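Subject: Structure for your review

Hello,

Here is the structure I said I would pass on. My notes on its cavities and disulfides follow below it.

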Amino acid sequence: MTTALSKQSLLFITFSLALTRCSYCSVANASVNSNIPAIANHFGTKGRYEEVNRYLINDILSVNKNKSILKPGCTNSTAIHVTAIIRHGTRYPSTKNIKMMQRLYDLVLNEAMNTDKWLKDIKTKWEMWYTDDMDGKLVEKGRDDHRHLAVRLATLFPSLISEENLRARRIRFITSSKHRCVDSIVAFQEGLLNLWNVTEVGPSHKINDGLMRFFDQCQKFVEDVENNQTALEEVHLFKASAEMKRVQMKMADQLQMPYNRITPDLVEAAFFLCSYEFAIKSLNSAWCNLFDETDAQVLEYKNDLKQYWKRGYGHDINRKSSCNLFHDLFNRLDQAAREIRFGHVSEAVTIQVGHAETLLPLLALMGFFRDETALTADNFDVQNDRTFRTSRIVPYAANLLFVLYDCSEGLRLQFLLNETPQNFPDIMHQAPLYDTVRETYRELLHGCNFEKECELPRPNS
């Protein structure tokens, strides 16, 4: 009975996948035919997921199995559990950025003197369509980001992300309370339901900000970093650097405006307009004409500096704030490791949706993408080959996949970033023994106490 059901399910999945591919072809074709900005690889946290995995531009449901299969060294392998920690999909700008973009647009309309065609297009054809009430809400492209990701992950792990496990409630969904995250996880579920042509199963999700927005609940982080202007001193220094001044002056020259009218914030607003128009609408906007590759590298570095000092290695509390999410991850893996000895894992899949601010601290806590030299305001010239590059790490719909395999020689754990296998820091094997991974993180597993790390020091009595 089980074998027959599996064959039937496999045929149904294959048929549904074909239908799904057809229904999403317009989106894929739009990406193929769009004129991609030359600087699209430098949009940082505002970047499209497709720029990280370029093969998706031609086929949004493509799975690069050569990169994603378990590497040799694991015989008779069976995937028994996967935890996916995913950033929300493409969103609208925040109200703060929309106001800044409006200021730039008004300035260009009223004061820019350049008569080039691209600037005429901004003045006569482009309208400021972003409104304050959008404020970071998920766009339709963001829903598609998660619908497509769901189909690809189900293709990658068909024995785990399956209709049978969905019906048996062996797939768990957890999200941040923010609307863009809730909407993303609903879209992920829609992707699965559409794939299997299922309507009667309504998967639920749980909101858990303690896991997915831990940074809001870490008092030491809020006090020492979030609300502390000096915590981002390197960012402020870089905004006043020679590199940023050059970009400001060049932009003023292009607009034929006095240099003092173009501030670092307005330069960033133009960069945002270029990136949002592309991410949301797949348009190579006229705003992109303000920047070349060198300019984009400077602005990307400014964004990376901010993430490095606010969410990454800049301050120790950034990464330590993710202790609860780290322990939750390994508790799930440990539970699966215990249960597999009895032949059944109760929670086959965990899908968790949060923010770039959720993923980056956890990656830093686990030692991923740590450069030998810290990112600072005065070492831009030597950081061209840095590994801490948010454009590649946390675009929209970025995902961390932890896949536990039962192998003849023991349990092995594989880590994938954005569907591409990555080695754990200081471990050469791409799918090391689970015990080896646990030993690597032994100090964190026996320490990293959220309450202790996040508690503010008591004033002297």
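A cavity here is a set of grid points where a 1.4 Å probe fits but cannot get out, and a residue counts as lining it if one of its atoms is within 4 Å of a point. Please keep in mind that this is a predicted model.

Cavities

With that definition, Tyr 49, Glu 50, Ile 60, Lys 141, Asp 145, His 148, Leu 149, Arg 152 and Ala 397 line the second largest cavity. Its volume is about 60 Å³. By class, this lining has four nonpolar, one polar and four charged residues.

The search of the whole structure gave two cavities of 30 Å³ or more. Helix 12 has the largest share, with four residues. Sorted by class, the lining of the largest cavity has four nonpolar, four polar and three charged residues.

Disulfides

Three disulfides turned up in the whole structure.

Cys 218 and Cys 454 are joined with their sulfur atoms 2.1 Å apart. The link is left-handed, with -100° about the S-S bond. Cys 218 lies in the loop between helix 8 (209-212) and helix 9 (219-226), and Cys 454 in helix 20 (residues 450-454), so this pair ties together parts that are 236 residues apart in sequence. Both Cys 218 and Cys 454 are buried.

Cys 274 and Cys 288 form another disulfide, with 2.0 Å between the sulfur atoms. The torsion about the S-S bond is about 100°, so this disulfide is right-handed. Cys 274 is in helix 12 and Cys 288 in the loop between helix 12 and helix 13, so the parts tied together are 14 residues apart in sequence. Cys 274 and Cys 288 are both buried.

The remaining disulfide joins Cys 323 to Cys 448, at 1.9 Å from S to S. It is left-handed, with -85° about the S-S bond. Cys 323 is in helix 15 (residues 323-339) and Cys 448 in the loop between helix 19 (442-445) and helix 20, 125 residues apart. Cys 323 counts as buried at 0% relative accessibility, and Cys 448 counts as buried at 9%.

Regards

Technical notes
Residues numbered from 1 in each chain as written. Predicted model: local features only at pLDDT ≥ 70, side-chain atom pairs only at ≥ 80, totals over all residues. Heavy atoms only, no water. 1 Å grid on protein atoms, 1.4 Å probe; cavity = no way out; pocket = protein on both sides within 12 Å on 5 of 7 lines; lining within 4 Å. Points joined across faces, edges and corners; volume = space filled by probe spheres on them. Helix = DSSP H or I, 4+ residues; strand = E, 2+ residues; numbered from the N terminus. Nonpolar A, V, L, I, M, F, W, Y, C, P; charged D, E, K, R; others polar. Disulfide = S-S within 2.5 Å. Buried < 20%, exposed > 50% of the residue type's maximum accessible area, 1.4 Å probe, protein only.
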